[in-house]
Amino acid sequence: MLEPLKQKGLKMEKNNDIIIKKADMTNYNDVLNIENKLEHKMFSKQSLLQDLENDIYSYFIAYTKDELIPIGFIGISDLCYTMDLLYIAVNKEKRNSSVGTKLLQYIEELAKNKGIEKIMLEVRDSNIIAIKFYEKRGFKKISVRKNYYQDTHEDAIIYEKIISKTEVN
């Protein structure tokens with residue numbers, strides 16, 4: 001699985017060619033720099049900072065192993081027995097290089113270790129690449145929210161994945 005590392009007092013996880021580090025007030029700009037390059041804006045700097053001060057939200061940043069360049073992030077919230085995958089993003093030049101998969105595996109392992117029973121997420125119905133990504137990784141469509149996204153009035157497809165206590169894909 002993932003091997004814990006310590007660097008400058010911050011917990012990091014080593015995963016072959018990337019390092020996954022929890023976002024905090026010292027590195028939140030790495031999340032913002034990735035988010036600013038996306039087609040659809042996910043959040044503002046202020047909302048990210050508010051999330052980082054709230055214990056139910058966590059963000060994890062993927063860095064290149066050798067150069068520590070931020071290449072992706074994932075944002076989650078967890079309450080009781082459910083984890084919501086709020087955001088996942090990977091730099092364009094690193095897409096299709098398993099960074100997103102490794103970030104997702106990381107939070108699945110985290111969910112398993114916390115005793116969380118399922119992960120839920122929503123995705124734009126036009127985001128076919130993301131839909132295929134989630135379905136390939138065991139997420140099942142459970143519902144649709146009509147006109148959910150304010151910027152485009154697109155529907156949101158709601159997915160969930162039941163987390164096994166013995167195995168994480």
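Against which elements do the buried residues of H2 pack? They pack against helix H1 (28–35) and strand E4 (57–64). This is a predicted model: local features need pLDDT of at least 70, side-chain atom pairs count only at pLDDT 80 or more, and totals for chains, interfaces and linings use all residues. Residues are numbered from 1 along each chain as its sequence is written, and side-chain values use heavy atoms, without hydrogens or water.

Helix H2 spans residues 45–52, and its buried residues are Leu48, Asp51 and Leu52. Buried means under 20% relative accessible area, with a 1.4 Å probe and protein chains only. These residues lie on the same side of H2 because they cover an arc of only 100° around the axis. The arc is taken from the directions from helix axis to C-beta atoms.

Now the whole chain. The protein has 4 helices and 9 strands. Helices (H or I, at least four residues) and strands (E, at least two) are DSSP runs, numbered from the N terminus. Their order is β-β-β-α-α-β-β-β-α-β-α-β-β. Of the 169 residues, 46% are buried.

Turn to the largest pocket. A pocket is an open set of points on a 1 Å grid over the protein atoms alone, where a 1.4 Å probe fits, with protein on both sides within 12 Å along at least five of seven lines; lining residues have an atom within 4 Å of a point. The lining holds 43 residues, with Met42, Ile88, Asn127, Ala130 and Tyr134 nearest the centre. Strand E6 (82–90) is one of the elements that supply at least two lining residues. E6 gives the largest share, 7 residues.

Notes. Buried means under 20% relative accessible area, exposed over 50%, partly exposed in between (1.4 Å probe, protein chains only). Contact means heavy atoms within 4.5 Å.
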